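Here are my notes on the model you sent. Please read them with the structure open beside you.

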Amino acid sequence: MNFKVLLVNMALIGILTFSIFAFIIQTQVDNDVEDSYRLTNDTRISTVYSQLEDDFQTYKDNAESSEGNFSVVPPTQQYGELEVTSIFSLTKTAQIIIKGFWKTIIILPQSILGVPSSIVGIFGAILVIFIVIGVWAIWKGVIS
Amino acid sequence: MEGGDFIMVDYPDMSNLNATSGIGGILALPNASYPYFWTWILFGIWMIITTSLYFSEKERKGKGNLLSSMSVSSLAIIILSSLGTIIGFIEVSVMVQSLIFNLVIISLWIFSEN
């Protein structure tokens, strides 16, 4: 599995989770479901939902600013002139995508199952170490 | 009474329903006696859909994709449980459990697909 597929899958999971939440909440609102039966009544769900919404809003804002940066490049710019400022941050985009995935797969089940944050932190740290080693191994061509 | 006291639990029955209870009231009746009633029913439906899809695919193609069958039935269960909250027999706690279980399975399926 290459990085592109990995990031696309992570983004897909974040968007799918958000859309499923949105579908349920919208269906409940449209059908005038009692407050006690609404999904937003659960603080864990509403917190994760609003965090996901913020992430996607940030993603949208970044995409719009990238588009803005593209459009301000003057047409009179000469060939061979190098544009040194970044108009699209790959790491920032990857970070937002991974955040959505992290919230769906780790934070949400952790809050529902009641696992202490310290345990999740330890496993997260181990996972990050393995990811760093994996990135290094792919970069160096140890694994392909 | 000799040997200890009995604790009498007054479980609700059909007499607790009234004319305005409707189908939601009848379906929600087991929740008062056993809160996980609908959790098990949903799990049973999930198992039935999963195994049906898996074995039918296995019969047609020779081999089946269990994770794919599980995620398809998970989507069906998410829709069923959201309908249950509209009618009023599936409580938010059951909905949240089913949603997280199903979301994790769907996520695993997406990661298994190249």
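1. From the N terminus on, the elements of chain B run α-α-α-α. That makes 4 helices and 0 strands. Helices (H or I, at least four residues) and strands (E, at least two) are DSSP runs, numbered from the N terminus.

2. This is a predicted model, in which local features need pLDDT of at least 70 and side-chain atom pairs count only at pLDDT 80 or more, while totals for chains, interfaces and linings use all residues. Residues are numbered from 1 along each chain as its sequence is written, and chains are lettered from A and ligands numbered from 1 in the order in which they are written.

3. Chain B is more spread out than a compact globule, because its radius of gyration is 19 Å, well over the 13 Å that the globule rule gives for 114 residues. The radius is taken over C-alpha atoms, and the rule is 2.2 Å times the number of residues to the power 0.38. Those C-alpha atoms fill a box of roughly 65 × 40 × 25 Å along the principal axes.

4. Of the 114 residues of chain B, 25% count as buried (20 or more other C-beta atoms within 10 Å of the residue's own, with C-beta atoms placed from the backbone).

5. How many residues of chain A are in contact with chain B? The count is 23 residues of chain A, in contact with 18 residues of chain B; contact means C-beta atoms, placed from the backbone, within 7 Å. On the chain A side, α1 (3-30) and α3 (90-113) each give two or more residues, and α1(A) gives the most, with 10.

Key: Two residues are in contact if their C-beta atoms, placed from the backbone, lie within 7 Å. A residue is buried if 20 or more other C-beta atoms lie within 10 Å of its own, exposed if 12 or fewer, and partly exposed in between; C-beta atoms are placed from the backbone.
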